[in-house]
Protein chains: 2
Amino acid sequence: MSETKVKHADEIFKSFKMQSVSEFFKKNAAMLGYTGKLRSLTTLVHEGVTNSLDACEEARLFPDISVYISEIGPEHYRVIMEDNASGIPLDYIPHVFGKMLAGSKAHRNIQSRGQQGIGVSGAVMYSQVTTGKPTEVVTSTGDKIINKVNIKIDVEKNAGEIISRETLKNPDKWRGTRINLEAKNLQYNRSKYGPYSYLKMTAIANPHTRILFVEPDGTKILFDRNVRVIPKNPKEMKPHPHGTSADDILSMIKNSSATRVRTFLVSEFTRVSTKKVEEIEQISGLDLDINPKKVDWEYAEKLVNAIKQITFMAPPTEGLIPIGADSVKLGLEGILAPEFVHTVTRSPQTYHGGIAFIVEAGIAYGGGAGNNGLDIIRYANRTPLIFDQGGCCITEAAKSIDWKRYGVKDDNAPLTIFVNLVSTHIPYTSAGKQAIATEEEIYNEIRFALMEAGRSLSRYLSGKRRAHEKLTKKKTLLRYVVETSNALGSLIKAEDNSKIIKALTDIVEKKYDFEETNGSEEKANQILEENGAEEVSENGE
Amino acid sequence: MSETKVKHADEIFKSFKMQSVSEFFKKNAAMLGYTGKLRSLTTLVHEGVTNSLDACEEARLFPDISVYISEIGPEHYRVIMEDNASGIPLDYIPHVFGKMLAGSKAHRNIQSRGQQGIGVSGAVMYSQVTTGKPTEVVTSTGDKIINKVNIKIDVEKNAGEIISRETLKNPDKWRGTRINLEAKNLQYNRSKYGPYSYLKMTAIANPHTRILFVEPDGTKILFDRNVRVIPKNPKEMKPHPHGTSADDILSMIKNSSATRVRTFLVSEFTRVSTKKVEEIEQISGLDLDINPKKVDWEYAEKLVNAIKQITFMAPPTEGLIPIGADSVKLGLEGILAPEFVHTVTRSPQTYHGGIAFIVEAGIAYGGGAGNNGLDIIRYANRTPLIFDQGGCCITEAAKSIDWKRYGVKDDNAPLTIFVNLVSTHIPYTSAGKQAIATEEEIYNEIRFALMEAGRSLSRYLSGKRRAHEKLTKKKTLLRYVVETSNALGSLIKAEDNSKIIKALTDIVEKKYDFEETNGSEEKANQILEENGAEEVSENGE
């Protein structure tokens, strides 16, 4: 190849273009989870249900969700999802369903399932791209009217387009949202990657929710509410100073009305008192009375370096709502009926950017646990993660643990690991939100949580092993009680050996005390019976 | 919780906002690969190098790339990357380095490493977010001037911002681009996840490329060009009709100037001849003389259904440039020095949307292969994929194969799998482009390629096993040659048994002929020696 053929940059850059975020995700639908027929269907359900759950919690309501899936042709399904949340004002409908990166969550430091403003627009797009049809949205905020709208995405503009609109009367003050879409290249089944499993897993982690699910064959399943207390409402949280970067500080200053850095720090961060500000002042040597708008990178970096040297209280817990160790335990017992369960809810931590998080973990052993060796159940903010297990921080942390140290024999041991990551911002590896990036702090916390549960498992297993050894020894000794007693009896020429039997049994039982025994007396009788001895009265007569 | 506390939708939607794609990826940097100190550094290098390789190929040049990494503070590095490609016209600099989803590749059906227009802007953003500094870009299209520009991203606007600009004279007509950035929260080492390994893997799959790499400690490494032929230039490809969806057809019509559907089909697709159009007409019953602008969803869907029933030639190969089975073999031999290698380049296929792809695969066995059991080397369009292995279609396909059927004993067998996916559009699972989504057609092709290589491995291993068995039998028999000869000798009263020994050895050698033997005579002598016999001359005297 000679240099004479070299293309000039001007020629190359003629084809330079911009694309909208919708075009990007249309072309890269796999990044949103639209890959494979079953996964695509589960993704549609996932997007609708997480939006509904978030909306209900935000409106402070017990979620009441219905999901109907029906088959309308080969690999062609209709999905209807309805909730009882706050409804969507007409003006926002095109943005919610037709504009990616639009939403009420991305810019707030609050725990929620959705955080991107992509998901449900992605569902509308998938429907449109496979069937050419709009999505029907019926919604009311509980006032006089219900809006019934057909919406499409203008992919090039990344904008929602209302194709048709109808206004219905709302005499019953119905409030909520119902979306009705159809899509192709789908498949329904009850495997662990399907909508049924997804909804079941959702119900387990959201016991305050009622989900009615109608399968394509008409089967109705009710995942009923079994907690009458709605979880605490997640609160918008101020960032924790630890881990906050210079860039974060400069971004926060843009949106702050504070007139001095001193007050900026106290008002915009959690756990920063005026006393702590004095410490920051002393360590950094900075003038904290300047106007925040004058803060440059160098100043912000000095601030961050000083903050790193100071101990602050852990972030407050009220912003993060775990499922709770008891609920996790109930959930695991419900699905797996294991022999042993231990659940842990760790105290809050932060990862970079001062983002608070909590890890809850559980270990189930025996029974239905770990059907195929190590089984990992993953959640993020109470939303089940069922795809992309291999590339997830939870999987990596769980696999990094040497389970043998906790008494687990081998890879085929019946072990199920449960982890729920709770955070105001989950660092997903992809817009499809099925795997968590391996952030060091999160990885470590998951490990600590699993090790804590592991120690409890270890005690259980070694107790079980000791108990088993004790029982074996005791059984062996008890086997010789009658013979020994008879021998002793004839040595001392006793008329009735039953007293000796009782005494010996007593000794053995005491030495190998085991909680399952019903007392040495009963045992002695049992032994005598088993050895064909006649019933003996307590005094041996 | 009572209904009286229910928040009204109007209150909730007050906080509804749009965010730019840059804001989105700043908040979700893990999706771009910025997670973990080592991975973040490798990602920076990856983004620069893939852009340079694509730019060189597009300009039809042998790539000459330099990468300098230096440590300028704790976890703080400078990365300089330079190429000899076409350079970037001044007007495009802000878009290339500061605007995400802008590029020359996303909308063209052409094989390239980058395809999103996100990567290098992501690098500029990561640098800016961790250090507050702009990225320096020095570039010339080979004309009179060199532009030296400092650029930042305005994250809210998703736009590049030129902070300062200098114009230098270019007497030597230098042409190329050099970017110079610094970033923090990084770590350098030579592990398989670091820049060294990344560049080595890149060099293996791009033997027409010269890469000079300077490590932080000053070590210079030259991955030299070892092929004097530049790979064929990937060509922009028309989509293949198979797998094209109704939505694809409607999108394509928007950009087509054809006035009849008939001509639209012939001109916009590959492998559609006028004869094939007649078939489509017959099967669909559609009027193909209408103006494409009148095509609606229903019409497009009928078209697609008809197309599905027709056999078309496989997509042309010239648009897809594999590494080539021989180069892959050389590469694997170079890194692993295995005992056995087999490589396969499959014929092109399409996956949904009529997107053409080729799978190349290789298996290396023994030697340095599979150090830790099954090892998987993954590439997409000759770019190494080194992260997110667990969630990748290649890994899933490789693990789905029952290697025992191919003579591989167990999980600890020394096996390295190589797969390169070549396509005009790689369905990545995330914008970080480290894992491929499990598209059914791709998954199957990878399996077929590996099975083909597996059959060859199986032949090799069973040959080896047979040879081993032969050798064992032969050794056993040869062990008795002297004894049997002596017995025979005394039976026939021979004076010298060496002739009998020679004759018997001959028989055994012939029966268990094995290429490694040096002839029966030498063997006979060897046996005689080993058994303490005296040297015998050829005629036995």
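## A pair of strands

In chain A, strand 5 (residues 135-141) and strand 6 (residues 145-154) run antiparallel to each other and pair over five bridges. Helices (H or I, at least four residues) and strands (E, at least two) are DSSP runs, numbered from the N terminus, and two strands pair if DSSP finds at least two bridges between them. Look for A:Thr135, which stands opposite A:Ile151 in strand 6 of chain A.

This is a predicted model: local features need pLDDT of at least 70 and side-chain atom pairs count only at pLDDT 80 or more, while totals for chains, interfaces and linings use all residues. Residues are numbered from 1 along each chain as its sequence is written, and chains are lettered from A and ligands numbered from 1 in the order in which they are written.

## The sheet and its helices

Eight strands of chain A form an open, mixed sheet in the order 7-6-5-8-3-2-9-10. Its edge strands, strand 7 (159-169) and strand 10 (220-223) of chain A, each pair on one side only. From one strand to the next, the twist averages 15°. As a reminder, strands of a sheet pair through backbone hydrogen bonds, either parallel or antiparallel.

Now for two helices. Helix 3 (residues 37-58) of chain A lies across strand 2 (64-73), strand 3 (76-83) and strand 8 (175-184) of chain A, at about 10° to strand 3 of chain A. Helix 5 (residues 119-131) of chain A packs on the sheet and touches strand 5, strand 6 and strand 8 of chain A, making about 35° with the direction of strand 8 of chain A. Axes are lines fitted to C-alpha atoms, for helices over the stretch in contact, and angles run from 0 to 180 degrees between N-to-C directions.

## The whole chain

Chain A has 15 helices and 16 strands. Its radius of gyration (taken over C-alpha atoms) is 32 Å, well over the 24 Å that the globule rule (2.2 Å times the number of residues to the power 0.38) gives for 541 residues, so chain A is more spread out than a compact globule. The C-alpha atoms of chain A fill a box of roughly 115 × 70 × 70 Å along the principal axes.

Which residues does B:Ile446 contact, leaving aside its neighbours within four places in sequence? They are B:Val359, B:Ala361, B:Cys393, B:Ile394, B:Ala397 and B:Val419. Two residues are in contact if their C-beta atoms, placed from the backbone, lie within 7 Å.
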